[in-house]
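Please keep the sequence and the structure in view while reading.

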Amino acid sequence: MRWTKLIAIVSLWLFFFVVLALVHLWISVLRLPNRWKIVSRCMRGFTRSMRAIINIKVTVEGDAGQLGGGGYVIISNHFGYLDGIILGSLFPVIFVSKKEVKSWPLVGQWTTLCGTVFINRQKKGLIPLAVTGISHRLKQGANILLFPEGAATNGERMLPFQTAPLAAPLRSRAIIVPVTLAYESIEEQPVSAANRDLIYCYGGMAFGPHFLKLLTLRQVEVRVTIQPKVDCSRYQDNSAGRKRLAEDCYNRVLGRVSKKRLRAHFAEG
């Protein structure tokens, strides 16, 4: 089963590599203005197919339809690469990733074609370049998927949200859609400390061996909860505003939203 899935995924990847290359050529020839919105919709087809091959069952709670217009920043808690496959299959998105991925053989070229925005977290002076890249894609109507923790975890606690990447939605006055991921079962067994490493990829875990083990699983179940959105126009575009925005987004992903803010949210809707 593992090798059958692997062959299917490699074939799928090669097919979409060609498709994306042709899509970029088509966009350039026709001089279409919304390149990354178009690419994000192609990527949704790829991640949907990936999710089907791996056999991940997803239950969605909340209003997923609110993302239809594009130009949103989707943020979530983070357990590993599987998060991107799941959320990318639900919403058309452009990914944000660490800079090192760009230099990986084949993967680097693939992520570049996908419009991925790369962040160099070690050199804070280069973060404005990533902020500009995110803002540019938002203006083209693409959704951005961002994991503000900055690193995957084992699920025991959620790391504080980094403020620097949130400068892009704040500057663009975008709408942030907080999402809560909860992996519920593996092979019909509840996710626990005993089996979570089969699906979570964090710390120093190597991608290759982990992915091959993942392909041996028959089914994974996950719940995706779409929390009340955050309007960045309500925050000041400065250090204090980014800090407050990060704290509010953190609480929303945790599901901690005050009744007062919930009333304000529904009043806006």
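Which residues are buried in helix 3? In this predicted model, the buried residues of helix 3 are Leu82, Asp83, Gly84, Ile85, Ile86, Leu87, Gly88, Ser89 and Leu90. Because nine of the 10 residues of this helix, which spans residues 81–90, are buried, helix 3 is largely enclosed by the rest of the structure.

- The model holds five salt bridges, and one of them joins the side chains of Glu61 and Arg223, with a distance of 2.7 Å from N to O.
- That pair links distant parts of the chain, since Glu61 belongs to strand 1 (residues 56–61) and Arg223 to strand 8 (residues 220–226), 162 residues apart.
- Glu61 is partly exposed at a relative accessible area of 34%, and Arg223 is also partly exposed, with a value of 25%.
- Arg223 forms a salt bridge with Glu184 as well, the closest N and O atoms lying 2.7 Å apart; this pair again links distant parts of the chain, with Glu184 in strand 6 (residues 175–186) and Arg223 in strand 8, 39 residues apart.
- Glu184 counts as partly exposed, at 32% relative accessibility.

- Asp248 and Arg244 meet through their side chains in a salt bridge of 4.0 Å, N to O, and both lie in helix 8 (residues 239–254), four residues apart, or about one turn of the helix.
- Asp248 counts as buried at 8% relative accessibility, whereas Arg244 is partly exposed at 40%.

**Network**

- Salt bridges that share partners join Glu61, Glu184 and Arg223 into one network.

Conventions
Residues are numbered from 1 along each chain as its sequence is written. This is a predicted model: local features need pLDDT of at least 70, side-chain atom pairs count only at pLDDT 80 or more; totals for chains, interfaces and linings use all residues. Side-chain values use heavy atoms; hydrogens and water are left out. Buried means under 20% relative accessible area, exposed over 50%, partly exposed in between (1.4 Å probe, protein chains only). Helices (H or I, at least four residues) and strands (E, at least two) are DSSP runs, numbered from the N terminus.
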